Amino acid sequence: MNVRRPYIYEAILSFLFLIIVMGIGIAKFEADPHIPMLFGTAFAALMALKIGYKWEDVEKSMYDGIMQALQAIIILAIIGVLIGVWLLSGVVPTMIYYGLSILSPSIFLVATVIICSITSLATGTSWGAAGTIGLALMGIAQGLGIPAPIAAGAIISGVYFGDKMSPLSDTTNLAPAMAGTDVFTHIKFMLPTTLISYGITLVLFLIIGFRFRSAQVDFSVIEQIQSGLQSSFNISPLLLIPPVVVIVAIAKKVPAIPGIFIGIILGIIFAPIFQGANFGDILSASYGGFVSNTGLETIDDLLTAGGLENMLYSISLTIIAMMFGGIMEKTGQLEVIVEALLKRVKSIPGLITLTIATCIGSNATMPEQYISIVVPGRMYAPAYKERGLHPKTLSNALESAGTLTSALIPWNTCGVFLYGVLGVSTTAYFKWAFFNYLTPIIVILFSFTGLAVAKLNEDKPLKVKSAK
């Protein structure tokens, strides 16, 4: 049987099957996305055989897909080690402690955004930050008389800023891997548009917060968290050195893997100096993660994390997703779909807008933010390359829509989680989660000016003169 070009209906069937099995598995049975993704991969493989490919070719396409994400897989593994070591050494607890110190009744909503940002940046997880510090802040907001949807919007805006910009976040590593760039290049390029939407978010919450500036509030919950951190860790400004060094490494264009390893080494050095940890403790936290035993549930839930073992969830999902992407790409199924979508898209801003729309659609139909980054990433990577665009242009669009809009869809895993933790429905907090929906809009708007666009192999933004 000769290999032929896939018909459009065959490619759509591969995606449709994935959408259905993911939707049923996640939305109805609350299953993890791994096995539904594997079933989708199997269907795509069967379609490839129907098109005329031999099994050896299909198998190789899966290997090739995994190879494209190999750097991200390595980075995810060492980030697990970094989180474990930074928790053990007191780096993350120190960042959270000082973040909580900025809380003030007059600027409660703004402070909430910043505190949640710091916590999420330090831990690399929006879910962990929302379920711990965010939950405590919801209680304080209730005491202030701040409506729960507004408080939830501030918390979600903060935790997703941290998740989007933290080199410790799995999605922040996944987006550049799908696009074909590295995590530090990705973060640097996201900064301008992200800071604009973040700044607007802070201003909006500052204005809203004026209504509640005269309220009295009991900060005993926050004081309890700070006391718990102090009693369990030696808190010192010197422990801020490791994250500062990693940030400097990003600025100096140090490659991602050695840049992260520098942070690990500093954490290993600081662990015995500040926390009295021994080499066995370091090895244990590096593999199995750090286990917090402060006796305070809020702290223990947040700080029991990290380790290589705990990153295997993200690593295994990345591998399976790249198997699907490899088959769809190498057998031409992605190509025929993208060609159909791109027929009416002639401009660079149009391509970025289409990417963002696809990410949002993926979040709605395959309700898992990982998939909304992987699938559109593999779909549009060749189109960005053909138009001479740097992969960071694509990774910025993927992160801005794939990661952030997942919290705005009620049946998405992120929307379901946040509703369960904060007790506020997605439809109620939607309009207050300013950062999450402003960022993709700003990326689209600034694609017309060139701020959200970069040429291939060039650091300077591409100046887009016309949308035609």
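User: Let's start with Arg4: how does this residue count at 24% relative accessibility?

Analyst: Arg4 counts as partly exposed at that value, 24%. Keep in mind that this is a predicted model.

User: Okay. Which residue does Arg4 form a salt bridge with?

Analyst: Arg4 pairs with Glu10, and their closest N and O atoms are 2.6 Å apart. Glu10 is buried, with a relative accessible area of 0%. Glu10 also meets the side chain of Lys50 in a salt bridge, at 2.7 Å from N to O. Lys50 is in helix α2 and Glu10 in helix α1, so this pair ties together parts that are 40 residues apart in sequence. Lys50 itself is partly exposed, at 40% relative accessible area.

User: How many salt bridges turn up in the whole structure?

Analyst: A search of the whole structure gives six. Another one of them joins Glu329 and Arg378, where the closest N and O atoms are 3.1 Å apart. Glu329 belongs to helix α16 and Arg378 to helix α19, so here the parts tied together are 49 residues apart in sequence. Arg378 is buried at 7% relative accessible area, while Glu329 is partly exposed at 25%. Back at Arg4, shared partners join Arg4, Glu10 and Lys50 into one salt-bridge network.

User: Glu10 keeps coming up. What do the buried residues of α1 pack against?

Analyst: They pack against several helices: α2, α16 (312–330), α17 (333–342), α18 (348–365), α19 (369–386) and α21 (413–422). The buried set of α1 includes Glu10, Phe15, Leu18, Val21, Met22 and Ile26. As for its span, α1 has 21 residues and reaches 29 Å from first C-alpha to last, close to the 30 Å expected at 1.5 Å a residue. After α1 comes Glu30, with a positive phi near 55 degrees.

User: Now the rings. How do I read an aromatic pair?

Analyst: Take Phe17 and Phe43, which are stacked, at 4.4 Å centre to centre and 10 degrees between the planes. They link distant parts of the chain, since Phe17 is in helix α1 (residues 8–28) and Phe43 in helix α2 (residues 34–51), 26 residues apart. Phe17 is partly exposed at 30%, and Phe43 is partly exposed at 23%.

User: How are Phe434 and Tyr437 arranged as a pair?

Analyst: Those two are edge-to-face, with 6.4 Å between centres and 70 degrees between planes. Phe434 and Tyr437 both sit in helix α23 (residues 434–447), three residues apart, about one turn. Phe434 is buried at 8%, whereas Tyr437 is partly exposed at 22%.

User: Last one: where does the charged end of Lys28 sit?

Analyst: Over the ring of Phe29, 5.5 Å from the ring centre.

Terms used. Residues are numbered from 1 along each chain as its sequence is written. This is a predicted model: local features need pLDDT of at least 70, side-chain atom pairs count only at pLDDT 80 or more; totals for chains, interfaces and linings use all residues. Side-chain values use heavy atoms; hydrogens and water are left out. Rings of Phe, Tyr and Trp (its six-membered ring) pair if their centres lie within 6.5 Å; planes under 30 degrees apart count as stacked, over 60 as edge-to-face and the rest as tilted. Helices (H or I, at least four residues) and strands (E, at least two) are DSSP runs, numbered from the N terminus. Buried means under 20% relative accessible area, exposed over 50%, partly exposed in between (1.4 Å probe, protein chains only). A charge sits over a ring if NZ of Lys or CZ of Arg is within 6 Å of the ring centre and within 35 degrees of the ring normal. The expected span of a helix is 1.5 Å times one less than its number of residues. Contact means heavy atoms within 4.5 Å. A salt bridge is a side-chain nitrogen of Lys or Arg within 4 Å of a carboxyl oxygen of Asp or Glu.
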